[in-house]
Amino acid sequence: MTFAVLLGAVLGSTAVKAGALVTAILLIVVTGIALLTRRRAERRELEDHRDLVSQYCKFINDRWPSFQVIDWEETAVIGERGDTHSKLKIRLRAIRDDVRFIRLRFSCGWPQPSRYRRRVRMTVRNLLVDGSPGTTLRTTVSWPRAGSMAAIVHFHTPLTTNSEVSFTIELTWPKKCAPLLEGAPDEFGMMFWERACRITYRVQLPKGAEAYVEPIGKTEDFTGVRLRRKVDDDGRETIICQLSDLPIRHRAGMRLQLKEARRA
């Protein structure tokens, strides 16, 4: 653009100056549009590759389950606008050799628009034998459908049969529980492809909120569920669901509904 203005100044014509400036602006705009289009195409291609990796890993897990859940501890803190921050501590046992990854699914109770995906943040960190935090683990994230996220956690080294691995997950998900705060029921459930030993799922409600609670799943076929409540010093109620010896492919957990809607 500077070159075009200098050229117009040398030629001394106002028309030439204006024409050169307009030409330079058009070139900049066309170049910017081309770069933006290319970036969008590359982003779509990257998402396609992530979806393929997720589908292949799902196929492997469905055919050859690789893990048994020994201990699953999850705490979800719900904010005033439905934003949810979850912390998970997971201990797994490998049931076959050469295990290199685990595929996890997380979802919210409504079909969120795609614009929320860019604001979802997840960090997976290895836990050492003494319980101290280690380094972060690489993840591949994809979105099979609206409001449903598949995360593949890649281990540093392959695991052998009967070896155990522990790691933590921090997941920040904007508006994940928005329907719950608007008065709609919301479910917090678990399902695994191998029998799970111990599961503890805590849901902390916004300050002053109270909820109706009921179990989900076929309770007549599974009796290892316990629901209880507690209130902390700040007046925030926490609903706790404890599951033991959860059968294979059996979904269990709790359904909540606030006694009074809290619209943000």
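**Exercise 1. Aromatic pairs**

Task: Find how many aromatic pairs the structure holds, and work out which class the pair of Trp143 and Trp173 belongs to.

Solution: The structure, a predicted model, holds 7 aromatic pairs, where rings of Phe, Tyr and Trp (its six-membered ring) pair if their centres lie within 6.5 Å. Planes under 30 degrees apart count as stacked, those over 60 as edge-to-face, and the rest as tilted. The ring centres of Trp143 and Trp173 are 5.5 Å apart and their planes stand at 80°, so this pair is edge-to-face. The pair links distant parts of the chain, since Trp143 belongs to strand β6 and Trp173 to strand β8 (residues 164–173), 30 residues apart. Helices and strands are DSSP runs numbered from the N terminus, helices being H or I with at least four residues and strands E with at least two. Both Trp143 and Trp173 are buried, buried meaning under 20% relative accessible area, exposed over 50%, and partly exposed in between (1.4 Å probe, protein chains only). Elsewhere, ring pairs link Phe67, Phe155 and Phe167 into a cluster.

A note on reading the model: residues are numbered from 1 along each chain as its sequence is written, and side-chain values use heavy atoms, with hydrogens and water left out. Because the model is predicted, local features need pLDDT of at least 70 and side-chain atom pairs count only at pLDDT 80 or more, whereas totals for chains, interfaces and linings use all residues.

**Exercise 2. A sheet of three strands**

The next step is to follow the pairings themselves. Strands β3 and β7 pair in the antiparallel sense over 8 bridges, and in this pairing Ile102 stands opposite Val153 in β7. Strand β6 is joined to β7 (residues 148–159) by 6 bridges, and these two strands also run antiparallel. Here Arg138 stands opposite His154, while Arg145 stands opposite Ser148. The hairpin of β6 and β7 has 2 residues between the strands, and in it Gly147 takes a positive phi near 80°.

**Exercise 3. Glu237 and Arg228**

Task: Describe where Glu237 and Arg228 lie, and which residues each of them touches.

Solution: Glu237 is in strand β13 (residues 237–246) and, at a relative accessible area of 8%, it is buried. A polar contact of 3.1 Å joins the side chains of Glu237 and Arg229; such a contact is a pair of N or O atoms within 3.5 Å, where within protein one must be able to donate a hydrogen and the other to accept it, and residues adjacent in sequence count only if both atoms are side-chain atoms. Not counting residues up to four places away in sequence, Glu237 touches several residues, including Val203, Leu205, Ala211 and Val231, contact meaning heavy atoms within 4.5 Å.

Arg228 is in strand β12 (residues 225–231) and counts as partly exposed at 35% relative accessibility. Leaving aside neighbours within four places in sequence, Arg228 is in contact with Thr238, Ile239, Ile240 and Gln242. The C-alpha atoms of Arg228 and Ile239, 11 residues apart along the chain, are separated by 6.1 Å.

How values were computed: Pairing = 2+ DSSP bridges.
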